[in-house]
Amino acid sequence: MTPSDDLFFTSLGLAACVFIGILGFRLHFKKHEELKTRMVPWIIISLGAIATGFMLLVHLVNLLGLETGRG
């Protein structure tokens, strides 16, 4: 993979994580008037997407040349 491919796929993954995170929060906090419980735990899905997005953001910063770890 070339560095431009890495940047593209990391940015694409970051955009997908942001979309899934926002969608999950909206669906979790949507008005719920039924007595049945929700089958999909949207808050867990959105928090997982946010955590993955943060890791992808750190990876993107590392690809751009800033070192974020010890070294």
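Where is Val40 found? I found Val40 in the loop between H1 and H2, where helices are DSSP runs of H or I of at least four residues, numbered from the N terminus.

**Basis.** I am working from a predicted model, in which local features need pLDDT of at least 70 and side-chain atom pairs count only at pLDDT 80 or more, while totals for chains, interfaces and linings use all residues. Residues are numbered from 1 along each chain as its sequence is written, and side-chain values use heavy atoms, with hydrogens and water left out.

**Val40.** I looked up the exposure of Val40 and noted that it counts as partly exposed because its relative accessibility is 35%; the scale calls a residue buried under 20% relative accessible area, exposed over 50% and partly exposed in between, with a 1.4 Å probe and protein chains only. I also took the C-alpha distance from Val40 to Ser11, which is 27 Å in space for 29 residues in sequence.

**Ile45.** I placed Ile45 in helix H2, and its relative accessibility of 36% is why it counts as partly exposed. Leaving aside neighbours within four places in sequence, I found Ile45 in contact (heavy atoms within 4.5 Å) with Ile20 and Val40. Between the C-alpha atoms of Ile45 and Phe25, which lie 20 residues apart along the chain, I noted a separation of 8.8 Å.

**Nonpolar patch.** I then looked up the surface patch that holds both Val40 and Ile45, and its other members are Phe19, Ile20, Leu23 and Met39, with about 580 Å² of accessible area together. Accessible areas come from the Shrake-Rupley method with a 1.4 Å probe, and for residues only the protein chains shown count as cover. A patch is made of residues with over 30% relative accessible area and no salt bridge, like charges being joined within 9 Å and nonpolar side chains (Val, Leu, Ile, Met, Phe, Trp, Tyr) within 5 Å. Helix H1, residues 3-28, gives the most to this patch, with three residues. Phe19 has its place in helix H1 and counts as exposed because its relative accessibility is 57%.

**Ser46.** I found Ser46 in helix H2, residues 42-63, and its relative accessibility of 0% is why it counts as buried. With residues up to four places away in sequence not counted, Ser46 touches Ile20, Gly21, Gly24 and Phe25. I also noted that the side chain of Ser46 reaches the backbone oxygen of Ile43 at 2.9 Å.

**Salt bridge.** My search of the whole structure found one salt bridge, defined as a side-chain nitrogen of Lys or Arg within 4 Å of a carboxyl oxygen of Asp or Glu. The partners are Lys31 and Glu33, with the closest N and O atoms 4.0 Å apart. Lys31 counts as exposed because its relative accessibility is 68%, and Glu33 is exposed with a relative accessible area of 65%.

Technical notes: Helix = DSSP H or I, 4+ residues; strand = E, 2+ residues; numbered from the N terminus. Polar contact = N/O pair within 3.5 Å; in protein donor to acceptor, adjacent residues only side chain to side chain.
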